[in-house]
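Please keep the sequence and the 3D view open while reading.

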Amino acid sequence: MTGKPLKREGTLLQLTSLKELRMSDCPKAMNGTLKVRQLQRTLYLKSKQCKEVRFYSLYDKIYRKDVLWESWRQVKANKGAAGIDGKSIDAIIASGEEVIINKLQKQLRAKLYKFSSSRLVEIPKSNGGTRPLEITTIADRIVLTAIKIVIEPIFEADFHACSYGYRPKRSAKQASIAIQDDLYQQAWGVIEIDFQSYFTSIPHEKLLKLISKRIADGSMLRIIKETLKTSVFIQGKPIDRKKVGVSQGSPVSPLYSNIYLNVIDQVWHARGYPAKLGATLHRYCDDVILVCRKSAHLALERFTELAKRLSLTINHQKTHITKLTEGFNFIGFNFVKRKSPTSGRNSIYVFPSQRSQQTIRNKLKYLTCRRAPIKPQAFIDQIKPVVLGWVNYFKHTNAREAFVRLQGFINNRFRRYLTYRSKGRGFGWQNHPNSKLYTMGMFYIGSGMIKYPEKVAQDL
């Protein structure tokens with residue numbers, strides 16, 4: 001693959017704009033969002049100003065009307081499936097959104113709210129196997145999101161800059177740019193670290209101890225503890241969670257994950273390991289790499305010791321030491337060092353990984369079928385958000401050729417659908433050339449930027 005090295009782009013952080021708030025279809029959530037942002041900012045600044053301060057009055061914040069409405073807005077936007085009670089988001093909207101908000105506020109204020117069991121589903125992994133995902137009820141999701149809204153700013157003030165996953169105003173794009181910059185600093189390779197069953201290995205006692213360093217509100221600690229103890233329905237029977245593990249799929253689980261692994265982030269830098277060991281740490285939730293300039297084996301040994309202190313196990317079968325010239329994958333990106341075809345100098349390139357490219361193709365295969373009894377515009381509409389999301393994730397990288405190949409794949413799927421719909425034969429290249437597909441409204445991503453025919457652009 002050829003092309004110029006990746007150009008750096010600005011990473012200006014922006015707060016939620018009023019325009020975005022107006023797009024909400026929930027007026028009460030919209031009206032309370034700014035108040036919730038102010039609450040979060042106040043908690044963040046207080047936590048940032050004093051690393052030793054503990055918060056004694058937090059529980060009453062989670063049943064504030066504006067917090068619950070904002071929680072509901074976020075839950076509704078995620079469009080998740082129903083839990084074990086069978087109540088879907090659409091059903092709650094139909095029965096009246098204010099009904100559930102008032103009910104939750106009353107139960108939380110009286111400290112009578114009880115979490116339901118979660119429903120377990122197995123999600124196939126792109127590299128084989130499955131990942132367990134726990135689906136909670138909509139009501140539980142609202143309460144869990146409210147808890148996250150209140151306590152996240154407190155711990156966000158403590159998180160290290162080397163962490164990027166599931167944090168406000170931080171993204172995979174920022175992580176990829178920071179890693180690429182780091183690789184230019186005389187790095188020869190990386191250590192790709194994999195934890196053994198990370199989410200199911202977090203000890204509740206140690207996690208709660210970390211949380212209690214910042215939170216002294218007994219009622220808040222009690223409900224946080226209850227979020228860790230919820231049971232899971234497996235084969236029709238509720239299975240109580242042991243003293244380890246957090247729910248994969250819960251709105252607050254990524255925050256718990258960051259609170260726990262922040263210990264490694266802080267200790268790694270407090271001991272000066274980036275300079276002493278020549279290994280800089282980059283983390284996205286439980287995905288970790290160490291960029292190496294010195295001995296990789298010593299850096300891995302020190303990291304393993306820190307993980308052991310947290311009762312975590314390194315999966316040595318999936319943990320690798322990789323040279324930059326061989327390339328490595330991280331959160332969907334492939335980083336590789338090679339000579340530039342124009343300057344002849346060694347450069348760091350960032351591409352969509354082969355697994356990421358195969359994943360988007362598999363999703364499109366699942367969503368599209370040439371025998372689908374739908375109109376062409378419906379065919380386009382159902383794949384458009386999936387493709388746009390994937391393109392926006394990778395558009396800052398050297399993804400031009402990957403986008404060209406994806407465009408060809410999409411066009412072929414659409415072309416075969418049109419051919420079958422018109423009862424034609426063959427692959428339809430003659431009757432449905434690319435120019436005709438774009439005229440019909442198919443989006444164009446070949447250049448790495450989404451473009452539309454003039455007529456379609458006017459309709460958007």
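The face of helix 6 turned away from its buried side carries two exposed residues, Val99 and Lys106. This is a predicted model, and the values below are computed from its coordinates.

What lies on the buried side of helix 6? Glu97, Ile100, Ile101, Leu104, Gln105 and Leu108 are buried there. They sit on the same side of helix 6 because they cover an arc of only 135° around its axis. Against which elements do the buried residues of helix 6 pack? Their partners are helix 3 (59–62), helix 4 (65–78), helix 5 (89–95), helix 7 (138–156) and helix 10 (218–229).

The length of helix 6 can be checked as well. Helix 6 runs over residues 97–109, and its 13 residues should span 18 Å at 1.5 Å a residue. The C-alpha atoms at its ends are 19 Å apart, which agrees with that expectation.

Helix 6 is followed by Lys111, which has a positive phi near 60°. Most residues other than glycine have a negative phi. The side chain of Lys111 also has a place in the model: its charged end sits over the ring of Tyr59, 5.8 Å from the ring centre.

A positive phi also occurs at Tyr166, where phi is about 55° although the residue is not a glycine. Tyr166 is found in the loop between helix 7 and helix 8 (172–183). Lys423, again not a glycine, has a positive phi of about 60°. Lys423 lies in the loop between helix 16 (400–421) and helix 17 (434–439). With a relative accessible area of 76%, Lys423 is exposed, because the cut-off for exposed is over 50%.

Another charge placed over a ring belongs to Arg170. Arg170 lies over the face of Tyr164, at 4.4 Å from the ring centre.

The rings also pair with one another. A pair of aromatic rings is described by the distance of the centres and the angle of the planes. How many aromatic pairs does the model have? The count comes to 20 aromatic pairs. One of them joins Tyr349 and Phe351, whose ring centres are 5.9 Å apart; the planes meet at 5°, so the pair is stacked. Planes under 30 degrees apart count as stacked. Tyr349 has a relative accessibility of 3% and counts as buried, and Phe351, at 7%, is buried too.

Tyr393 and Phe394 also form an aromatic pair, and this one is edge-to-face, with 4.8 Å centre to centre and 70° between the planes. Is Tyr393 buried or partly exposed? Tyr393 counts as partly exposed, because its relative accessibility is 30%. Phe394 counts as buried, at 2% relative accessibility. Both Tyr393 and Phe394 belong to a cluster linked by ring pairs, along with Phe328, Phe333, Phe335, Trp390 and Phe403.

Last comes the confidence of the prediction. The protein averages a pLDDT of 89, and 89% of the residues score at least 70. Over residues 1–25 the pLDDT stays under 50, and the model has 48 contacts beyond four places in sequence for this stretch. Residues 448–460 also stay under 50 in pLDDT, with 20 contacts beyond four places in sequence.

Definitions and conventions:
Residues numbered from 1 in each chain as written. Predicted model: local features only at pLDDT ≥ 70, side-chain atom pairs only at ≥ 80, totals over all residues. Heavy atoms only, no water. Phe/Tyr/Trp six-rings, centres within 6.5 Å; stacked < 30°, edge-to-face > 60°. Buried < 20%, exposed > 50% of the residue type's maximum accessible area, 1.4 Å probe, protein only. Lys NZ or Arg CZ within 6 Å of the ring centre and 35° of its normal. Helix = DSSP H or I, 4+ residues; strand = E, 2+ residues; numbered from the N terminus. Expected span 1.5 Å × (residues − 1). Arc of directions from axis to C-beta. Contact = heavy atoms within 4.5 Å. pLDDT = per-residue confidence, 0-100.
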